[in-house]
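Here is a short briefing for a reader meeting this structure for the first time. Please look over the sequence and the model, then follow the points below.

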Amino acid sequence: MNHKEIDAIVRDSLPGIKKDLIALKALKEIPTDIPKFEGRAFPGICSNIGEVLISKETRYLTEEQCYCAGGVMSFGLRKERNKEEWGEVHKSHLSGDPRGHKDAETAAKYYEGEEKRLAPFSQELYKAVLIGLLKDIPDPDVVLIFCNPQDGDVIQRAFTWPTGEMMFGYGSHGGCTFTLRIPFVKGEPTFSIGDTEWRHYIGLEDEELTISVPFKDFSRWIDNLPLRSEYYTKYRQAINYRKHMTPVEPHREVMKKFLGDLWQGGKAPDVAK
């Protein structure tokens, strides 16, 4: 299944999604047929994602064009900071902006301990990162889906149903740390509420979160998304009906009424009426 087909399946299955799906790809060589981002980005990759959502145009950018190192380290555009560099970052953050951590010790515990444990850095180096709409970029590394929690629930159920695996989610500092590095380096899908900068520069609405998927992972479960979406749309109607209208009506009867052939009523567990 190609990138255009995957984009169409997600958008058609989840009409609540308002934003285009974003694709990112790490590049070993500088492309000659794609426009380069002009100037220096602040903060960096997240603000470029926000601009691409508006312009709908594919671009690439390099390490020196990004003020924030979080995204560029996530995609291997530069090596991970050494201990001395991390120390300077902690001091810099704490001297002018103490909102993130209590002191240098807790900052070091977070960035050099917890973050690296959950989201390891790329061991390969790349020269640029390509950013565009999924429908325009064949074979990207990472795909970003911006959705509300209800659609996010359907996506995760579609992922879990055929794989038997869990999709883990993260919060705290650095949207790019989890939404970019985990799918790119570990090859695992994830979801995140994002941090203030990630949400602001991308332009997320209050009810939107980010689901990040390694592009190659879609082949395991994406064809299951339309059915999961249909099932859970009808299932929500059924449980809403049962909750507010007929608390004494048998569970099987309500499910059969709303889900029809999607509900295997004869094999349902004997739940309380």
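Strand S1 (residues 22-27) and S3 pair in the antiparallel sense, over six bridges. One of the facing pairs is Ala26 and Val129, the latter in S3. Keep in mind that this is a predicted model.

**The sheet as a whole**

- S1 and S3 belong to an open sheet of seven strands, with the order S2-S3-S1-S4-S7-S6-S5. The pairing in this sheet is mixed.
- Strand S2 (59-61) and strand S5 (168-170) stand at the edges. Each has a single partner strand, so one side of each is left without a neighbour in the sheet.
- From one strand to the next, the twist averages 25°.

**The S2 side of the sheet**

- S2 runs antiparallel to strand S3 (residues 128-133), and three bridges join them.
- Tyr60 has Leu130 of S3 as its bridge partner. Arg59 stands opposite Ile131, also in S3.
- Is S3 mostly covered or mostly exposed? S3 is mostly covered, with six of its six residues buried.

- The residues of S7 point two ways. Leu209, Ile211 and Val213 point one way, while Thr210, Ser212 and Pro214 point the other way. All of these are buried.
- S4 and S7 run antiparallel and are joined by six bridges. Across this pair, Val143 stands opposite Val213 of S7.
- Strand S6 (residues 190-192) also runs antiparallel to S7, with three bridges between them. Here Ser192 has Thr210 of S7 as its bridge partner.

**Helix H2, an enclosed helix**

- Helix H2 covers residues 45-55. Eight of its eleven residues are buried, so H2 is largely enclosed by the rest of the structure.
- Which residues of H2 are buried? They are Ile45, Cys46, Ser47, Asn48, Ile49, Gly50, Val52 and Leu53.
- What do the buried residues of H2 pack against? Among the strands, they pack against S1, S2, S3 and strand S4 (142-147). Among the helices, they pack against helix H3 (69-74) and helix H9 (196-202).

**Backbone points in the loops**

- The loop between S1 and H2 contains Pro43. A cis peptide bond joins Phe42 and Pro43, with omega about 0°.
- Lys56 follows H2 and lies in the loop between H2 and S2. Its phi is near 65°, a positive value in a residue other than glycine.
- Asp139 is another residue with a positive phi, about 50°, although it is not a glycine. Asp139 lies in the loop between S3 and S4.
- At 40% relative accessibility, Asp139 counts as partly exposed.

**The second largest pocket**

- Asp139 is also one of the residues lining the second largest pocket. About 160 Å³ of space lies in this pocket.
- The lining divides into five nonpolar residues, one polar and four charged.

- Val154 sits in helix H6 (residues 149-163).
- Why does Val154 count as buried? Its relative accessible area is 2%, and buried means under 20%, so Val154 is buried.
- Leaving aside its neighbours within four places in sequence, Val154 is in contact with Leu14, Leu225, Arg228, Ser229, Tyr232 and Arg236.
- Leu14 and Val154 are 140 residues apart along the chain. Their C-alpha atoms are separated by 8.6 Å.

Conventions:
Residues are numbered from 1 along each chain as its sequence is written. This is a predicted model: local features need pLDDT of at least 70, side-chain atom pairs count only at pLDDT 80 or more; totals for chains, interfaces and linings use all residues. Side-chain values use heavy atoms; hydrogens and water are left out. Two strands pair if DSSP finds at least two bridges between them. Helices (H or I, at least four residues) and strands (E, at least two) are DSSP runs, numbered from the N terminus. Axes are lines fitted to C-alpha atoms, for helices over the stretch in contact, and angles run from 0 to 180 degrees between N-to-C directions. Buried means under 20% relative accessible area, exposed over 50%, partly exposed in between (1.4 Å probe, protein chains only). On a 1 Å grid over the protein atoms alone, a cavity is a set of points where a 1.4 Å probe fits but cannot get out, and a pocket is an open set with protein on both sides within 12 Å along at least five of seven lines; lining residues have an atom within 4 Å of a point. Grid points are joined across faces, edges and corners, and a volume is the space filled by probe spheres set on the points. Ala, Val, Leu, Ile, Met, Phe, Trp, Tyr, Cys and Pro count as nonpolar, Asp, Glu, Lys and Arg as charged, and the others, Gly among them, as polar. Contact means heavy atoms within 4.5 Å.
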